[in-house]
Amino acid sequence: MKKYTSTFALILICGLLGACDAGEEAKASSAGKKGGFKVNSAVLVETTTAQKGPFAVQGDYAGEFAAERSAEVAFEVSGRIVELDYDIGDKLEKGDVLAKVDRTAYLQKVREARAAVEMARASVGEAEVAAENLEKDLERKRPLLDKQLIAEREIENLEAQLRGAKQKIAVAKATLDQNNARLQTARENLRNTEVRAPFDAKVAARHVDLGTYVGPSQPVFRLVSDDAIYLRVNVPEQDSGNIALGKPVTLRISALGGEAIAGKVARIAPAIDPKTRMLRVDVELAPASGEDQQEQAKAAERVRPGMYAQVQLELGSRDEAVTVPKQALLEERGGKPYVWTADGGEAQKKTLLIGLRGREQVEVVEGLEGGEAIVLRGFEKLQPGTEVQSLKDQKAGGKQ
């Protein structure tokens, strides 16, 4: 009886152990379905496709309009303004008199300088006459010395007097030249009592009023030419290699409603600014054609120096190129760019040669053919040959 009891107990324990094992397997299976345990070894990644087609890169910058010619004009002499003929917005031609200061004192300086010139000229004439008389006297008395009718010392005195007379001529001529220079300066100062327009322009600012006392180099007017306006743009160093003369530009001026205006690159600085690491680029408004010509002309007439504009500049384009998102682009320690591909369920590292770089996409010159599955996220644990599963594929499998 004891033998049968022991056998029954052993069978009962084994049955209970089998039931426990079966329960654990069921729990593991259920947990796997809910994602509590890793069922397979594939790394889950987010992918996109390497695109192939037309590609263009544009840069967005800010610029300020400036006049081809602008100047702060000022008097070169001091004085009180007695005439002021122009104000802001007035159009003027080269040589027009903008303002005058009182010229009374400068007229007097001219008269004094002219009188000094006349006196110096008279002194020259007087010294020349004296020297001429001494020369004639010497010519008469030298024969008398040969006949011993006069003393040799008398001849020596005459010669010394002649040398002194010639020296006086030189001094008088130098004084005449000096006074002539002073007369020229006085006349120049008299002319400078007027300030004139250096070129055809419009008055952008008037800094003084009638009766104001001004000194040399004190600005009186600011002039700008409105026949040649251009846009100054600073392009970052990384984009500078793609700038070329004649490239098309699209301008949008918020002060004029933000309408698109066509332009082109007119001038490029020969060097990068070492302080800002920027390249100076000048843009001119491009003449429109067809239906847009009239609208473009109207917009150009409203552009003023000092206005700001948003600039869209074409940096490069390809008729057909392979492109990938910047987000997928990685770099090795040596600086070589690469991406991970996920074709065939395996991760592969592809070293690339990059061409044009846009804000979101980059051109792949070598390394991809287009159409490859590119890893966007989840590449941190990837190694060549790692089994991968696209997030898109997992979602699609879950729906099935």
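This is a predicted model: local features need pLDDT of at least 70, side-chain atom pairs count only at pLDDT 80 or more; totals for chains, interfaces and linings use all residues.

Residues are numbered from 1 along each chain as its sequence is written, and side-chain values use heavy atoms, with hydrogens and water left out.

**Exercise 1. Find out how far the predictor trusts its model, and where pLDDT stays under 50.**

Solution. 
- Start with the scale: pLDDT is the predictor's confidence in each residue, from 0 to 100.
- The protein has a mean pLDDT of 84, with 85% of its residues at 70 or more.
- Residues 1-39 are where pLDDT stays under 50. For this stretch the model has three contacts beyond four places in sequence, a contact being heavy atoms within 4.5 Å.

**Exercise 2. Check the span of helix α3 against its number of residues, then list its buried residues.**

Solution. 
- Helices (H or I, at least four residues) and strands (E, at least two) are DSSP runs, numbered from the N terminus.
- Helix α3 covers residues 152-191, which makes 40 residues.
- The expected span is 1.5 Å times one less than the number of residues, so α3 should span 58 Å. Its end C-alpha atoms are 59 Å apart, which agrees.
- For burial, the classes are buried (under 20% relative accessible area), exposed (over 50%) and partly exposed in between, with a 1.4 Å probe and protein chains only.
- The buried residues of α3 are Ile155, Leu158, Leu162, Ala165, Ile169, Ala172, Leu176, Asn179, Leu183, Ala186 and Leu190.
- For the spacing in that list, keep this in mind: an α-helix has 3.6 residues a turn, so residues three or four places apart point the same way.

**Exercise 3. Work out the strand order of the open four-stranded sheet, and see what joins Lys100 to Glu194.**

Solution. 
- The order is β7-β6-β4-β9, with antiparallel pairing; two strands pair if DSSP finds at least two bridges between them.
- At the edges sit β7 (194-196) and β9 (213-214), each pairing on one side only.
- Strand β6 (residues 97-101) pairs with β7 over three bridges, in the antiparallel sense. Glu194 in β7 is the bridge partner of Lys100.
- The side chains of Glu194 and Lys100 also meet in a salt bridge at 3.6 Å, N to O. The term means a side-chain nitrogen of Lys or Arg within 4 Å of a carboxyl oxygen of Asp or Glu.
- Glu194 lies in β7 and Lys100 in β6, so this pair ties together parts 94 residues apart in sequence.
- Glu194 is buried at 18% relative accessible area, and Lys100 is partly exposed at 25%.

**Exercise 4. Is Lys247 buried or exposed, and how far away is the nearest side chain of opposite charge?**

Solution. 
- Locate Lys247 in the loop between α4 (237-240) and β12 (248-252).
- Lys247 is buried, yet has no salt bridge.
- For charge, Lys and Arg count as positive and Asp and Glu as negative; His and the chain ends are not counted. The nearest side chain of opposite charge is Glu314, 5.5 Å away.
- Leaving aside neighbours within four places in sequence, Lys247 contacts residues including Asn242, Gly263 and Glu314.

**Exercise 5. Which residues does Leu285 touch beyond four places in sequence?**

Solution. 
- Leu285 is in strand β14 (residues 278-285) and is partly exposed at 23% relative accessible area.
- Its contacts are Phe65, Leu251, Ile261, Ala262, Gly263, Ala300 and Val303.
- Pro248 is 37 residues from Leu285 in sequence, and their C-alpha atoms are 9.9 Å apart.
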